[in-house]
Amino acid sequence: MNISKHKTISKRNRVLIAIASVLLLAVFLFPLWQIRMQAPQYPEELGLNIWVNTIKSLHPHNIQSINDLNHYIGMKPIDPHSVPALKFLPYIMVGLCLLGLSAAIFAKRFLLTTWIVTALGAAVGGLIDFHKWEYNYGHHLNPHAAIKIPGMSYQPPLIGSKQLLNIHAMSYPHIGVIAVGVSIIIGIYVWINEYVQRNDKIRDLKSAQRIG
Amino acid sequence: MSLLTGGMAVLLAMFMFSACSSNDSKTGNNDAANQVYIPPGKHDQFYSFMSGGWSGNVSVYGIPSGRHLYTIPVFSQTPMNGYGYASETKALLNTSSGFVPWGDTHHIQPSKTDGMYDGRWIFVNDRNTPRIARINLKTFRTDETLEIPNTGGQHASPFCSSNTEYLSAASEYSIPLPKPMGNGVDVPISSYKKNFHGMISMVKVNQHNGHMKVDFQIEVPPFDYDLGRFGLGESKNWVFYTDYNSEEAHSLLEVNASQKDKDLVLAINWKKAAAIAHQGKGTVVSTDYDHNIVNPRTRWAKTTVEHKVRVLQPSDIKGAMYFLPGPKSPHGINVSPSGKYISIGGKLSSTVTVYSYNDIQNAIKNHDVTKTVDGIPVLSFKNVEAKQVKKAGLGPLHIEYDGKGYGYNTAFISSEIVKWSLKTGKVVDRHASYYSPGHLTIPGGDTRKPYGKYLIALNKITKDRYLPTGPEMFAGEQLFDISGDRMKLLLDFPVEGEPHNVAELPASLIDTGQVKYFDLSKNHNPYVTRKEKDAKVVRKGNRVDVYMTAIRSHFVPDNIEGIKVGDEVHFHITNLEQEWDIPHGFALKGMQNAGLLIIPGDTRSIVWKPKKIGVYPFYCTDFCSALHQEMQGYVRVSPRNSDVKIKYGTNKDL
């Protein structure tokens, strides 16, 4: 039995990694995040879909309506072109996909580890960035705004729902982020399978050799 | 039967019915509230389009609740939203007589496909200045008006054929037409019989865009053509008209047009007549009439003056036009859903006359002609009159059908609705109506398959039915449940103007696909301003164009200087909102015009001619937002010879 052969990734795990990598590309087909807003005057609700490279209206012209409303409380208009993260996020996602695929093709464990760490880093970094964007958006208000309520900020929740004046804001991950999550879970499963379970097997093999 | 004894019989019958039925009370029945109650936030089952009569517009009500939903400006200037004042809309009121800012809307005709309403358009006529309007049911806006030439006034209009191929307009008031024909002629009124002519107009509807065109006209004797209907099913190639004044009177018509015991009913095979017209028969005459169409890209109405129309004489369409002897001074004429029966309200009698389409066809086949009137053969009365509905109330006016074999007619004089069997002609139910009903409707009542369980009576007299509002009041309509054997009065509801006619369409035919606002990127008004930074004020001689934007809660520009006394200022305001029901308004102090209501994504223009120097405030009239009050601005008007330059802006000192 060749122990070094076991340091490469098993065939089944390589397939899983390939699937997980391709799954990341779902972010180009589905939004990452969705923010919905309900108010007495908006029974049809307003909303935003946050995509990997842009922000779109949930229903036609919602961004304009949200900006119309938000200017009263001094919030900056949402301009998809002015969010830096949306400029490089597509490249990160493509890069992650390629990195994962290379781990699957070359069957190198260190590539697998690098892929998972990077993906996790990107996910956590993305969430932090999103939170920061929401914070800035909700806190940095125009001092000349028509409506000023002392102590009030308008940061939408990262996840979950929150009442902001007349607006009930709901923020939840969309299919894009769920796909990324599933991809990372698959990756972590493979990693554990490779480093923990199969390490045990290698240990067993080694001891068997010693006994032998 | 004489009027008097007929009336007594009716009164007796009414008395007997009211004596034995508690349902026929003057105040409706107890469970009616449940039937007409639409809970808050819920929608009605039917749209009801009522011509406003002398309001000149069309009002829309929800049925069964009777709630007033909207008023569609059609022939009348409407300061409510600037219709007929805004430069985009003014051309819709152009006629060969000039700008006519008022109309008398009469008959509502929904467009049809295969004899059923299709929810595309509503057509409505102006009785006074003969014209037909087309209302777009996606926007509830008037998109087109077409003047009907060679016509004094049109009552029997704008009836619609089974597949909206044609609308038919017939003259009520005959006018003298010069020979050769053309615009107007100066003759003594007493030469009526010699010089005056009636005119049937066939208006072709373009199936793609709804555009109307006077395809051809038929010159007919100078009777007063009163109402009309196209056939349905097997009779769909025919159109029928009632008329009064076969006496050809021109003064004191109430007496002089009521002398003959019988009047004539006109029947035209329009398909045949159209084929003959398209072969080039008749003469193309010169006559000016206006055709006004809203361009769907610019939403700007433009007038085209038409100069010609083809006119056929009865001799040109032999075999396609007949008179039937009708009851004295008949009024309504309504074709049954099958198309087999044509019923006529004997306005001055107590009977409804029902003709059989088959009998008419047989009489034509057998050349069963008694005489000709102005070259039009008159079919024998005996052979075409199917039956008479006796005791149909005093003064039966209009008839509708429920699709279950019953006809319902209004009786103006005895103030009631009478239900009778189409098969037997026997009256089976009657219900008092308050007061003096004219038209009536059953949803889909003039289609192949009426689908309503309701009947609406359009009453001409209101009096004590509502809280008094001085000597003038709205008209009162009444909603009946006709799902059972007996009619049940459910609801009284007041409506604006004097509704003459109504059409009810199922909500589902209209409510999906409604335009909620206009897409700004597709607004091609020549004066659109799509972005605030593109707003500008441009002077050319003494004309100043203000390209202004409105968005919650400011105008750009909101400070304008450099306007001078004697200028003609054109405000072109674009509502930049792209959201449902956020219109902005525009009003300027002392502007001798109307305010504007500008729908999101739309541009509306209005002209102001300042007469005095000063600083004039303007503001938004639609409560658009919490900062609505602040949505205001100023225009400075300097003396005629001043050298103040055009300057403008928002949030900056000029």
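A residue counts as buried if 20 or more other C-beta atoms lie within 10 Å of its own, as exposed if 12 or fewer do, and as partly exposed in between, with C-beta atoms placed from the backbone. The structure is a predicted model, in which local features need pLDDT of at least 70 and side-chain atom pairs count only at pLDDT 80 or more, while totals for chains, interfaces and linings use all residues. Residues are numbered from 1 along each chain as its sequence is written, and chains are lettered from A and ligands numbered from 1 in the order in which they are written.

Lys148(A) sits in the loop between α4 (109-139) and β4 (160-164) of chain A. Helices (H or I, at least four residues) and strands (E, at least two) are DSSP runs, numbered from the N terminus. The C-alpha atom of Lys148(A) is 6.2 Å from that of Ile73(A), although 75 residues separate the two along the chain.

Chain A also holds a helix pair. Helix α1 (residues 11-23) and helix α3 (residues 85-106) of chain A have axes that come within 8 Å and cross at roughly 170°. Axes are lines fitted to C-alpha atoms, for helices over the stretch in contact, and angles run from 0 to 180 degrees between N-to-C directions. α1(A) and α3(A) are therefore roughly antiparallel (angles under 35 degrees count as roughly parallel, over 145 as roughly antiparallel, 65 to 115 as roughly perpendicular and the rest as oblique). On the α1(A) side, the residues that meet α3(A) include Arg14(A), Ile17(A) and Ala18(A). Their counterparts in α3(A) include Cys97(A), Gly100(A) and Leu101(A). The residues of this helix contact divide into eight nonpolar, two polar and one charged. Here Ala, Val, Leu, Ile, Met, Phe, Trp, Tyr, Cys and Pro count as nonpolar, Asp, Glu, Lys and Arg as charged, and the others, Gly among them, as polar.

Chain A meets chain B through six residues, which are in contact with seven residues of chain B. Two residues are in contact if their C-beta atoms, placed from the backbone, lie within 7 Å. The side of chain B that touches chain A has three nonpolar, one polar and three charged residues.

Chain B has eight helices and 46 strands. Its radius of gyration is 27 Å, close to the 26 Å that the globule rule gives for 654 residues, so chain B is as compact as a globular protein of that length. The radius of gyration is taken over C-alpha atoms, and the globule rule is 2.2 Å times the number of residues to the power 0.38. Along the principal axes, the C-alpha atoms of chain B fill a box of roughly 85 × 65 × 40 Å. Of its 654 residues, 55% count as buried. Among contacts in chain B with a separation of 6 or more, 62% join residues 24 or more positions apart.

Two open sheets of chain B are described next. Four strands make up an antiparallel sheet in the order β3-β2-β1-β35 (chain B). Two strands pair if DSSP finds at least two bridges between them. β3 (67-72) and β35 (502-506) of chain B are the edge strands, each pairing on one side only. Within this sheet, five bridges join β2 (residues 58-63) of chain B to β3(B). Ser59(B) has Thr71(B) as its bridge partner in β3(B).

The other sheet has six strands, in the order β42-β41-β44-β45-β39-β46 (chain B), and its pairing is mixed. β42 (596-598) and β46 (647-649) of chain B each have a single partner strand, so one side of each is left without a neighbour in the sheet. Strands β44 (residues 614-619) and β45 (residues 632-638) of chain B pair in the antiparallel sense over six bridges. There, Pro617(B) stands opposite Tyr634(B) in β45(B).

Some backbone geometry deserves mention. Most residues other than glycine have a negative phi, and most peptide bonds are trans. The peptide bond from Ser157(B) to Pro158(B) is cis, with omega near -5°, and Pro158(B) belongs to strand β10 (residues 153-160) of chain B. Arg299(B) has a positive phi near 55°. Arg299(B) lies in the loop between β18 (283-294) and β19 (301-312) of chain B and is buried, with 22 other C-beta atoms within 10 Å.
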